[in-house]
Amino acid sequence: MNATNIWHTVVTIAELNEKGKSTMNEHLGMEFTGIGDNYLRIRMPVDHRTVQTYGILHGGASVALAETVGSIASTLVIDPSTDVCVGMEINANHVRSAREGYVHGTATPIHLGRRSHIWEIRITDDQQRLICICRHTVAVLDKASFLSGSDRGQG
C-alpha cells in the first residue's frame, strides 16, 4: 500500500497510552511510540514480565505486542461510530531472540477492506534486528450488532 494517510481517527500517542491503562498493555509495559501516515509503532521491555525461563523474550509476549498494535491500528482506520474491530487470526515467525532492552513493533497495512484488515507487524530489537514478523487479520464488525450480541456464531 502507498503512504497515503489511512487514519479515520486522529489520536495522539499520549491518548493511545492512556487508553492502555489497566489492560495487558500496561501489565506488559507496552507503550505506543509513533504514528505515521500508514504505520503505528509500539514498544515493550524485555524484562521479568515478558521473558520465558531461558531469559529470552517469550513468543507469546511478541504475539501480544503484535496483536495489540495491529488491532489498535485497525480501530484508527474505521469509523468507531458504526464499526468495531476484533482480531481473527495472527501468525508469528520468531526469527531471533532478545534478552534485554526493548522490542519495537511496527504495524503497516497489507489490506484494508470494508469487513477485514490485514496487518504486517515487524518486531525488532533496539539495534533494528528482526526478532519476529507477524501477520494479523482483523474483522471489522457492525457496532450495533456486536454490542447487542446478535453477531454470535458468525465468523
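The end C-alpha atoms of residues 54-132 lie 17 Å apart, and this span is 24% helix and 46% strand. Helices (H or I, at least four residues) and strands (E, at least two) are DSSP runs, numbered from the N terminus. The UniProt record, an unreviewed entry, annotates residues 54-132 as "domain: Thioesterase"; UniProt positions follow the numbering used here, feature names are shortened, and annotations may be inferred rather than shown by experiment.

The model is predicted: local features need pLDDT of at least 70 and side-chain atom pairs count only at pLDDT 80 or more, while totals for chains, interfaces and linings use all residues. Residues are numbered from 1 along each chain as its sequence is written, and side-chain values use heavy atoms, with hydrogens and water left out.

**Salt bridges**

The structure holds four salt bridges, a salt bridge being a side-chain nitrogen of Lys or Arg within 4 Å of a carboxyl oxygen of Asp or Glu. Among them are the following.

| Pair | Closest N and O atoms |
|---|---|
| Glu 31 and Arg 43 | 2.8 Å |
| Arg 115 and Asp 83 | 3.2 Å |

Relative accessible area is classed as buried under 20%, exposed over 50% and partly exposed in between (1.4 Å probe, protein chains only). Glu 31 is partly exposed at 31% relative accessibility, and Arg 43 is partly exposed at 24%. Arg 43 also lies over the face of Tyr 102, at 3.9 Å from the ring centre; a charge sits over a ring if NZ of Lys or CZ of Arg is within 6 Å of the ring centre and within 35 degrees of the ring normal.

The salt bridge of Arg 115 with Asp 83 links distant parts of the chain, 32 residues apart: Arg 115 is in the loop between strand 4 (102-112) and strand 5 (116-125), and Asp 83 is in strand 3 (residues 83-94). Arg 115 is partly exposed at 37%, whereas Asp 83 is buried at 14%. In the remaining tabulated pair, Arg 129 is partly exposed at 38% and Asp 125 is buried at 5%.

**Aromatic pair**

A search of the whole structure finds one aromatic pair. Rings of Phe, Tyr and Trp (its six-membered ring) pair if their centres lie within 6.5 Å; planes under 30 degrees apart count as stacked, over 60 as edge-to-face and the rest as tilted. The ring centres of Trp 7 and Trp 119 are 6.4 Å apart with the planes at 5°, so the pair is stacked. Trp 7 lies in the segment before helix 1 (13-19) and Trp 119 in strand 5, 112 residues apart. Both Trp 7 and Trp 119 are buried.
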